[in-house]
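Subject: Handover of a structure and its analysis

Dear colleague,

Please find the structure below, followed by an account of what was found in it. I would be grateful if you could read the two side by side.

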Amino acid sequence: MIFIRLIRFLLGYVCFEASGGFPERFINLCANNGVPLWDVRNAGGKLRASTTIKGYKKIRKPAKKSGMLPHLTGKNGLPFIIHLYKMRVGLAVGAVAAVILLSLMSLMVWNVEVVGNEKIPTETILQELESLGVKRGVLRSNIDAKFVEKEMMKLHDTIVWSALNILSSSASFDMRERMEPPEMLDVDSPCNVIAAHDGEIVRMEAYRGRAVTGVGSAVVKGDLLISGVIQTKYHNQYAHAKGSVIARTTHKFSSETPLIMNAKTVSYEKIRSIIYLFGIKIPLGLSEEADEYTKSEKMLDMNGKALPIGIIRERFTKFSESSVEIGETKASLISMLKYFEEYENSVSHTHIISESVKKEVSAEKYLLSGEYKVEEDIAEEQYFEINENETIINTE
């Protein structure tokens with residue numbers, strides 16, 4: 001029964017209604033003339049039935065002889081559907097093309113991401129993956145995941161584990177980097193403690209080794225403070241000298257900024273757009289030589305996944321050098337930034353006893369200088385080697 005209905009739908013059929021005359025004679029004449037009828041029924045004195053398209057074309061003769069007057073009540077089946085939409089061929093072609101395009105897209109990789117990297121930049125990994133064939137628009141069947149994993153581990157010896165997972169149209173490169181062991185303190189190798197800065201010792205404590213100077217002594221950078229050589233009656237013993245040597249020191253530094261500076265200014269700038277469509281790049285303009293080149297991408301997004309459709313913008317910038325008068329206010333700000341950077345590196349970790357900061361402004365420059373008297377630990381370890389004759393050799 002289902003098969004018969006399918007055949008009728010594919011070939012098409014019509015429903016009609018006939019009134020007047022002799023219905024029984026009409027049915028018999030239709031059978032004699034090869035007009036198939038089904039779903040025949042009486043509805044309020046009218047005959048209702050269904051027949052094929054060809055059958056309805058041959059129904060006039062039986063209707064005339066039986067005195068019946070037929071008229072259509074419905075058209076059903078595929079031929080009528082095709083006829084209804086024959087003016088929308090473009091829509092049908094577009095739908096078919098869309099299905100084919102989506103099928104092809106599902107066979108390709110359109111999104112590549114990197115997971116687990118901490119030290120190696122993501123851009124570097126993406127460029128290397130692209131050189132190994134993992135990029136947008138490539139067929140998934142053309143990617144050898146095991147080969148890519150091995151090659152990436154060859155390129156970076158810090159990668160201890162990697163896996164290239166391809167799911168649908170996305171490729172994810174998962175990796176783990178080698179954890180560097182913490183630096184071990186060397187407490188066995190013999191060393192001396194020397195002065196890391198000029199100053200006057202105010203407090204001193206030798207934890208290990210032999211102190212060769214004391215509180216109140218003036219020392220210069222490189223002087224021996226605690227010796228790792230301990231002399232005994234018969235021979236020398238060697239130790240890893242360690243201690244705290246607090247000294248009063250002086251730090252001087254300055255920051256100078258010229259009021260007229262050579263600066264680069266933008267002399268020319270051009271932005272070129274590129275349409276990215278399923279791996280094909282359509283540039284809307286020509287590329288140019290430039291001092292600086294930047295690129296940005298904006299792809300369509302669907303549920304957090306980038307689609308292979310978007311716009312790439314390239315910026316070409318040229319610079320020219322010129323002299324710029326920045327003025328005292330700007331020069332002071334630049335000098336202060338450089339000055340406090342030096343301050344952080346030199347004395348921020350010390351106990352400041354006194355400080356003196358002054359500025360000097362001339363027609364050419366802005367100068368900011370300072371002098372700090374501080375108390376700080378000037379102990380610095382210096383390793384040495386022992387030769388066969390037990391002569392100490394410094395290894396600075």
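**Findings**

E325 is exposed, with a relative accessible area of 66%; here exposed means over 50% relative accessible area, buried under 20% and partly exposed in between, with a 1.4 Å probe and protein chains only. This is a predicted model, in which local features need pLDDT of at least 70 and side-chain atom pairs count only at pLDDT 80 or more, while totals for chains, interfaces and linings use all residues. Residues are numbered from 1 along each chain as its sequence is written, and side-chain values use heavy atoms, with hydrogens and water left out.

E325 belongs to strand β21. Strands (E, at least two residues) and helices (H or I, at least four) are DSSP runs, numbered from the N terminus. Between the C-alpha atoms of E325 and M261, which are 64 residues apart along the chain, the separation is 6.5 Å.

**Aromatic pairs**

The structure holds 10 aromatic pairs. Rings of Phe, Tyr and Trp (its six-membered ring) pair if their centres lie within 6.5 Å; planes under 30 degrees apart count as stacked, over 60 as edge-to-face and the rest as tilted. Y238 counts as partly exposed at 24% relative accessibility, whereas F384, at 4%, counts as buried.

The pair of Y293 and F316 is tilted, because the ring centres are 5.5 Å apart and the planes stand at 50°. It too links distant parts of the chain: Y293 is in strand β20 (residues 292-302) and F316 in strand β21 (residues 305-325), 23 residues apart. Y293 is partly exposed, with a relative accessible area of 42%, while F316 is buried at 5%. The C-alpha atom of Y293 is also separated by 7.2 Å from that of E314, 21 residues apart along the chain.

Elsewhere, F253, Y339, F340, Y343 and Y372 are linked into a cluster by ring pairs.

**Charges over rings**

A charge sits over a ring if NZ of Lys or CZ of Arg is within 6 Å of the ring centre and within 35 degrees of the ring normal. R8 lies over the face of W38, at 3.9 Å from the ring centre. R136 lies over the face of Y276, at 5.7 Å from the ring centre.

**The largest pocket**

On a 1 Å grid over the protein atoms alone, a pocket is an open set of points where a 1.4 Å probe fits, with protein on both sides within 12 Å along at least five of seven lines; lining residues have an atom within 4 Å of a point. The space in this pocket is about 600 Å³, a volume being the space filled by probe spheres set on grid points that are joined across faces, edges and corners.

At least two lining residues each come from β6 (111-115), α7 (122-131) and β20, and α7 gives the most, with 4 residues. By class, the lining has 5 nonpolar, 4 polar and 7 charged residues. Ala, Val, Leu, Ile, Met, Phe, Trp, Tyr, Cys and Pro count as nonpolar, Asp, Glu, Lys and Arg as charged, and the others, Gly among them, as polar.

**The largest nonpolar core**

A nonpolar core is a set of buried Ala, Val, Leu, Ile, Met, Phe, Trp, Tyr and Cys residues joined through side-chain atoms within 4.5 Å. The largest one has 16 residues, of which I125, L129, V134, L164, F173 and M175 touch the most other members. β6, α7, α8 (145-155), β8 (159-167) and β9 (170-177) each supply at least two residues of this core, and β9 gives the most, with 3.

I125 is placed in helix α7 and is buried, with a relative accessible area of 0%. From I125 to K61, 64 residues away in sequence, the C-alpha distance is 82 Å.

**A positive phi angle**

D39 is a residue other than glycine with a positive phi, near 55°. D39 is found in strand β2 (residues 38-43) and is exposed, with a relative accessible area of 51%.

With kind regards
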